[in-house]
Amino acid sequence: MDCPMFVDYTRDCLDKIGFLPQDTFYYCQSDKHKECPFFKTLNNIGFHCDCVKKCVAYKNFGISDFDNFVKIANRYCLSSNNVNCARFKVRQSGEVVPEDLLPDGSRIKA
């Protein structure tokens, strides 16, 4: 079953997320769309960290390795495990969150 946001080979989610992550086509054309963090966020499915919609890493990381992005986003951003997110911890401490810091503590590679 295709993603309901994948209509006539057009990704309706693109209007809302503002960019097109690479390597996502197979998510759009299968039941894997149910794992897609963008599908979950845009359809308000399950738990969401309060920071998801304003998280720079969420957008930047989605551009690189989408499978890894799905894994990390579902582990931290879209679960109650968000309290273990490196970005969340830095934000909670009152410090400025580095833009390249990912939820698992690694950095975005340029």
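Trainee: Why does Arg 11 count as buried in this predicted model?

Mentor: Arg 11 has 17% relative accessibility. Buried means under 20%. The value falls under that cut-off, so Arg 11 counts as buried.

Trainee: Where does Arg 11 lie, and what is it in contact with?

Mentor: Arg 11 lies in strand S2, residues 10-11. Leaving aside neighbours within four places in sequence, its contacts include Met 5, Phe 6, Leu 20 and Thr 24.

Trainee: What makes the pair Arg 11 and Thr 24 a polar contact?

Mentor: Their side chains are joined at 2.2 Å. The cut-off is N or O atoms within 3.5 Å, one able to donate a hydrogen and the other to accept it. The pair therefore counts as a polar contact.

Trainee: Which residues lie nearest the centre of the largest cavity?

Mentor: Cys 13, Thr 24, Cys 28, Cys 36 and Phe 38. Helices H1 (13-17), H2 (25-28) and H3 (37-42) each give two or more residues to that lining. The volume is about 140 Å³.

Trainee: How many cavities does the search of the whole structure find?

Mentor: It finds 3 of 30 Å³ or more.

Conventions
Residues are numbered from 1 along each chain as its sequence is written. This is a predicted model: local features need pLDDT of at least 70, side-chain atom pairs count only at pLDDT 80 or more; totals for chains, interfaces and linings use all residues. Side-chain values use heavy atoms; hydrogens and water are left out. Helices (H or I, at least four residues) and strands (E, at least two) are DSSP runs, numbered from the N terminus. Buried means under 20% relative accessible area, exposed over 50%, partly exposed in between (1.4 Å probe, protein chains only). Contact means heavy atoms within 4.5 Å. On a 1 Å grid over the protein atoms alone, a cavity is a set of points where a 1.4 Å probe fits but cannot get out, and a pocket is an open set with protein on both sides within 12 Å along at least five of seven lines; lining residues have an atom within 4 Å of a point. Grid points are joined across faces, edges and corners, and a volume is the space filled by probe spheres set on the points.
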